Amino acid sequence: MKRLVIVSDSHGNAKAIEKLLPLIEENHYFVYLGDGISDLAKAFEVADKKVVFCRGNCDFFARVDEEGILEIENVKIFYCHGHKYGVKLGLNKLAKETKERGCQIALYGHTHNAKITEIDGVTLINPGSLRLPVGEGGSYCYLVVNGDKFTPVIVGESVM
């Protein structure tokens, strides 16, 4: 069984990432979905080998990949910021791309709305934003993978 903490869209709120450091340290992976890569300095200091990340549309100078695939136990996870797949207009394009890559899960950000959706057998997970969420406080996702099964939970708390 593996546990992941998934975060997106901190937009300069490095303090929110720092408040999550104990949680990041005690879990197997920390996945960051873009728009604030420079906020990850402390996360790299304490959990370098656990950090998986991609560039968002506001990470102008970051020379890192815009997407990737993470295989954990028997689950393949496609991760991206989401802007290239038009997630603000709908999730069908992202679901199709995820399925074509042989993945069961898509992790994405960009909309700042925490959401778990299923389309055509693909689970799409947006952890929300640590900086500019629609509701009060920030949010992230806690994902447990056990064999070929997985359980995502959106956690909303004020981390600002």
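In the predicted model, Ala106 stands opposite Leu124 of strand β8. This facing pair belongs to the contact between strand β6, residues 105-107, and strand β8, residues 122-126. The two strands run in the parallel sense and are joined over 3 bridges. Strands of a sheet pair through backbone hydrogen bonds, and the pairing is either parallel or antiparallel.

Strands β6 and β8 are part of an open sheet of 5 strands, arranged in the order β4-β5-β6-β8-β7. The pairing within this sheet is mixed. Its edges are formed by β4 (67-72) and β7 (115-119), each of which pairs on one side only. On average, neighbouring strands of the sheet are turned by 20 degrees against each other, with direction ignored. Helix α4, residues 92-100, packs on the sheet. This helix touches β5 (75-80), β6, β7 and β8, and its direction makes an angle of about 125 degrees with that of β8.

His110 is placed in the loop between β6 and β7. The phi of His110 is near 75 degrees, a positive value in a residue that is not glycine. His110 has a relative accessible area of 14%, and because this is under 20%, His110 counts as buried. Asp120 is found in the loop between β7 and β8. Asp120 is likewise not a glycine, yet its phi is positive, at about 50 degrees. The relative accessibility of Asp120 is 57%, and because this is over 50%, Asp120 counts as exposed.

Aromatic side chains were examined next. A pair of aromatic rings is described by two quantities, the distance of the centres and the angle of the planes. A search of the whole structure finds 2 aromatic pairs. One is formed by Phe44 and Phe53, with ring centres 5.3 Å apart and planes at 80 degrees. Planes over 60 degrees apart count as edge-to-face, so the pair of Phe44 and Phe53 is of this kind. Phe44 has a relative accessible area of 26% and is partly exposed. Phe53, with a value of 24%, is partly exposed as well. The rings of Phe78 and Tyr85 also form a pair, with centres 5.9 Å apart. Their planes stand at 85 degrees, so this pair is edge-to-face too. Both Phe78 and Tyr85 are buried.

The protein chain as a whole contains 4 helices and 10 strands. Along the sequence these elements follow the pattern β-α-α-β-α-β-β-β-α-β-β-β-β-β. Taken along the principal axes, the C-alpha atoms fill a box of roughly 35 × 35 × 30 Å. For 160 residues, a compact globule would have a radius of gyration near 15 Å. The protein chain has 14 Å, which agrees with that expectation.

Of the 160 residues, 50% count as buried. The accessible surface of the protein chain comes to about 7,700 Å², and carbon and sulfur atoms account for 49% of this area. Contacts were also considered by the separation of their partners along the sequence. Among contacts between residues at least 6 apart in sequence, 52% join residues at least 24 apart.

Note on methods: Residues numbered from 1 in each chain as written. Predicted model: local features only at pLDDT ≥ 70, side-chain atom pairs only at ≥ 80, totals over all residues. Heavy atoms only, no water. Pairing = 2+ DSSP bridges. Axes fitted to C-alpha atoms, helices over the stretch in contact; angles between N-to-C directions. Contact = heavy atoms within 4.5 Å. Phe/Tyr/Trp six-rings, centres within 6.5 Å; stacked < 30°, edge-to-face > 60°. Buried < 20%, exposed > 50% of the residue type's maximum accessible area, 1.4 Å probe, protein only. Rg over C-alpha atoms; globule rule 2.2 N^0.38 Å. Areas by Shrake-Rupley, 256 points an atom, 1.4 Å probe, with all protein chains shown as cover.
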